Amino acid sequence: MPKSYGQKLKILYLAQLLLERSDETHPLTTREMIDYLATQGIHAERKSIYDDMNALQTFGMDIVAIREKPGGYYLASRQFELAELKLLVDAVQASRFVTTKKSRELISKLETLTSRSEAGQLHRQVVVAERGKSLNEQIYYNVDEIYAAMASDCMIRFQYFEWSVQKQMIPRKNGAFYEVSPWLLTWEDENYYLIAYDANSEILKYYRVDKMLHLTVCDTPRQGQSAFEKIDIAGFSKKTFGMFAGDETTVILQCDASLTGVMIDRFGLNVAMRPDGEGTIRVRANVAVSRQFFGWLAGLGSGVQIVSPPEIRAQYQHYLRDILDRYSNHEEVTP
C-alpha cells in the first residue's frame, strides 16, 4: 500500500477501531492504536494519533480522552445506547413473523452498532426460539413489494396458503390468485397484516403477510380509498381480536374490579368504565364480535360477563355450551 494512500485511510481505520473495540470500560491506548494501524500496513506516530483524535472530535464523534495513566480514548456515545439495542433484540426475538434464520441475521447486524464487549451482552441474551416463528422467508420481500405497490398506487396479486395436516403450504382457492388494493400494513399479535380492499366483495379484508406466496405488483390502479378512509386506524386494534373482523357492536361488560387493568390494556385509557357495586366495574366498549372475542372473554373466566346487548350475550352462551357439549358427548379419557 503506498504510504500516502495509507495515511489517507488512517483516520478511517481509527474511527472504525473506536466504534468496534472501545467503550467506557475498554479505552484504547495510543500504543494499541499504533499497533493496530501497523497490522493494516500504516505507520503512525503518537503526535499524529493525537491530531487524528482531535479531528474526529471536531467531526462530531463523542471521544473521551483519559489523561490518567495508562490513559486512552473511548467512544462515549453512539447512535444507539446499549439499552436501546437490547430492546430491539428483544423485539426481533419476540416477533413471530420474523423467521429464525432472519432473526439471527438481524441480531448479528444489531451487534455491530456497539462495541465488541457490549455486543457480548447482546449475544448472551439471545435465545431465538423456533416455536411460533414464521417459516416463510418470502415475507421480507412481500413487505417490500406491498410498500412499493402503495407508493405507486397499484394493486397486488398473490396466492394465499394455509397449512395442511402434513405441514405443507396448500394454496387456497385451488391456487387461484387474489387481486386486492393494499392500503395499510399493521403489526398485531406479533404478525404482519395487510388491510386491503377487495373489489369483488366491495369490503376491506385482512391478510397475514407471511401467508402470501408469489406476490407481485400489478399495473392496475388501487381501488377502495373511500372505504379505507372510513376506518378509525387508532381504534382498530382495540376493537378487533386476533385480526378477525366481525360486526362492530357496543357491548357492556360487568367485571371484577381486579380486571380493571386488563380492560384498560385491551380497550385503552379512554374506555367508558365505572364502579358497579362492591368489587365490580361496568365497561362499555366497541368490539368486533367474533369467536376470538368470545375466546378472550372465556380466558378471563367467571370474572367477566356480557350484560348487553342480549343477542350477543346469547351468542356467547351458545359458544360456551357448544364447547361443553363436545366434552359431555365423549367418554372420559383416562390419562
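Phe293 and Trp296 sit three residues apart in helix H11, about one turn of the helix. In this predicted model, Phe293 is buried, and Trp296 is buried too.

**Aromatic rings**
- Across the whole structure, a search turns up 14 aromatic pairs.
- In one of them, the ring centres of Tyr160 and Tyr207 are 5.5 Å apart with planes at 90 degrees, so this pair is edge-to-face.
- Tyr160 belongs to strand E3 (residues 154-163) and Tyr207 to strand E7 (residues 203-208), so their pairing ties together parts that are 47 residues apart in sequence.
- Both Tyr160 and Tyr207 are buried.
- For Phe293 and Trp296, the ring centres lie 6.4 Å apart and the planes are at 25 degrees, so this pair is stacked.
- Phe293 and Trp296 also join a cluster linked by ring pairs, together with Phe267, Phe294, Tyr316 and Tyr319.

**Nonpolar cores**
- The largest nonpolar core holds 21 residues, and Phe293 is among those with the most contacts inside it, as are Leu253, Cys255 and Met263.
- Elements giving two or more residues to this core include strand E9 (247-256), helix H10 (260-267) and helix H11 (291-299).
- The biggest contribution to this core, five residues, comes from E11.
- Leaving aside residues up to four places away in sequence, Cys255 touches several residues, including Met263, Ile281 and Val304.
- A second, separate core has 20 residues, among them Met150, Val180, Ala196 and Leu215.

**Charges over rings**
- Lys173 lies over the face of Tyr178, 4.2 Å from the ring centre.
- Arg222 lies over the face of Trp183, at 3.7 Å from the ring centre.

Note on methods. Residues are numbered from 1 along each chain as its sequence is written. This is a predicted model: local features need pLDDT of at least 70, side-chain atom pairs count only at pLDDT 80 or more; totals for chains, interfaces and linings use all residues. Side-chain values use heavy atoms; hydrogens and water are left out. A nonpolar core is a set of buried Ala, Val, Leu, Ile, Met, Phe, Trp, Tyr and Cys residues joined through side-chain atoms within 4.5 Å. Buried means under 20% relative accessible area, exposed over 50%, partly exposed in between (1.4 Å probe, protein chains only). Helices (H or I, at least four residues) and strands (E, at least two) are DSSP runs, numbered from the N terminus. Contact means heavy atoms within 4.5 Å. Rings of Phe, Tyr and Trp (its six-membered ring) pair if their centres lie within 6.5 Å; planes under 30 degrees apart count as stacked, over 60 as edge-to-face and the rest as tilted. A charge sits over a ring if NZ of Lys or CZ of Arg is within 6 Å of the ring centre and within 35 degrees of the ring normal.
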